[in-house]
Amino acid sequence: MERVINVTANRNAVSQETKRILSGKLREAGFTVSDSFNPEAELIVCVGGDGALLRTIRNYDFPQIPIIGVNTGHLGFFQEIMPDQLDTFVEAYEKGNFIIQQMKVVQAVVETKKGNTRLLGLNEITIKADKSRSIHLNMSFGNNFVERFSGDGILVATPAGSTAYNYALGGCIVDPRLDLLQVTPMAPMNTTAFRSFTSSVLVPPDICINVFPEFTFENSLLIVADGKEYNFEDITGIQVSFSDKKIQLLRLEDYDFWNKVKTKFL
């Protein structure tokens, strides 16, 4: 039976050369390598940085095929292996010496006067003004009104995304084994006129975060899903929650989240 592996890479010269070498090693091991998306593949290998992996996931419509990254970028938090570990990876994969780490995907359902749009993100959904100005958002957790947020915007992060933009905003790092969403404010106002949360809020996985913008000066918002920007006008409401999709990251057997945190951030 043919065993197909999809191999992708960004345009970086190092990534392209690493892809060429890896593809040759996989073919020598008896695998069929596909440069384009093959839905029958048993694995996706993405060569590049974290951004390349996120783009691959989005371009392939959040596939259920396991995916692993080869880091030729900078931080490489999602990426599991380095270019000098290709032989180790191929041998470990052949022997089944790996684990699958399932990661939930966050979704935003944006309601406008023209209809609804669903956006997905592995890391986060960000809601902010489409221009450099403050916004005011009425926020509810489920049916419970929480606050009228005033500031630059809010970010809703998954545990996978807690170490990304969320961390840069002062949010907390969350172990991916915890099942929750994190709401982190962006430049919140906290004055006698405006009262907003100034730290992250953690909510359980079954909670829907309902956001209703106030259009005092502007009737459009920018919704950003894993760095991909979408502009909407005449928004009547936004619902942010976990979707029914999960990404399966392939990890080698010695993978440890906190060891990764220590080597990448400390």
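Select helix 3 and whatever covers its buried residues: the cover includes strand 1 (4-9), helix 1 (13-28), strand 3 (43-48), strand 4 (67-71), strand 5 (98-112) and strand 16 (235-252). Helices (H or I, at least four residues) and strands (E, at least two) are DSSP runs, numbered from the N terminus. The model is predicted: local features need pLDDT of at least 70 and side-chain atom pairs count only at pLDDT 80 or more, while totals for chains, interfaces and linings use all residues. Residues are numbered from 1 along each chain as its sequence is written, and side-chain values use heavy atoms, with hydrogens and water left out.

**Helix 3**

Within helix 3 (residues 86-95), pick out Leu 86, Phe 89, Val 90, Ala 92 and Tyr 93, which are buried. Buried means under 20% relative accessible area, exposed over 50%, and partly exposed in between (1.4 Å probe, protein chains only). The arc is taken over the directions from the helix axis to the C-beta atoms. Turn to the face away from the buried side to find the exposed residues Asp 87 and Lys 95. Then step past the end of helix 3 to Gly 96, whose phi is positive, near 75 degrees.

**Helix 1**

Move to helix 1, which has 16 residues and reaches 23 Å from its first C-alpha to its last, close to the 22 Å expected at 1.5 Å a residue. The expected span is 1.5 Å times one less than the number of residues. Ser 15, Thr 18, Lys 19, Leu 22, Ser 23 and Leu 26 of helix 1 are buried. They lie on the same side of helix 1, since their arc around the axis is only 135 degrees. An α-helix has 3.6 residues a turn, so residues three or four places apart point the same way.

The other side of helix 1 shows Ala 13, Arg 20 and Glu 28 as exposed. Colour strand 1, strand 2 (32-34), strand 3, strand 4 and helix 3 to see what the buried residues of helix 1 pack against. At the start of helix 1, a side-chain oxygen of Asn 12 comes to within 2.7 Å of the backbone nitrogen of Val 14. After helix 1 comes Gly 30, with a positive phi near 100 degrees.

Just after helix 2, Asp 61 has a positive phi of about 60 degrees.

Phe 62 is in the loop between helix 2 and strand 4. Its phi is positive too, about 50 degrees, although Phe 62 is not a glycine. At 6% relative accessibility, Phe 62 counts as buried. Most residues other than glycine have a negative phi.

Jump to the loop between strand 15 (228-233) and strand 16 for Asp 234. Asp 234 is not a glycine either, and has a positive phi of about 55 degrees. Asp 234 is partly exposed, at 26% relative accessibility.

**The nonpolar cores**

Which residues have the most contacts inside the largest nonpolar core? They are Ile 127, Leu 137, Met 139, Ile 209, Ile 223 and Ile 238, in a core of 28 residues. A nonpolar core is a set of buried Ala, Val, Leu, Ile, Met, Phe, Trp, Tyr and Cys residues joined through side-chain atoms within 4.5 Å. A second, separate core of 19 residues includes Leu 22, Phe 31, Leu 43 and Tyr 93.

Centre on Ile 223: leaving aside neighbours within four places in sequence, its contacts (heavy atoms within 4.5 Å) include Val 110, Leu 119, Ile 127, Tyr 230, Phe 232 and Ile 238.

Thr 158 is in the loop between strand 10 (153-157) and helix 4 (165-168). Buried at 2% relative accessibility, Thr 158 has contacts beyond four places in sequence that include Lys 104, Asn 123, Leu 181 and Phe 242.

Finish in strand 5 at Ile 100, which is partly exposed at 35% relative accessibility. Apart from neighbours within four places in sequence, Ile 100 touches Pro 66, Gln 248, Leu 249 and Leu 250. Draw a distance from Ile 100 to Val 146: their C-alpha atoms, 46 residues apart along the chain, are separated by 37 Å.

Notes: Polar contact = N/O pair within 3.5 Å; in protein donor to acceptor, adjacent residues only side chain to side chain.
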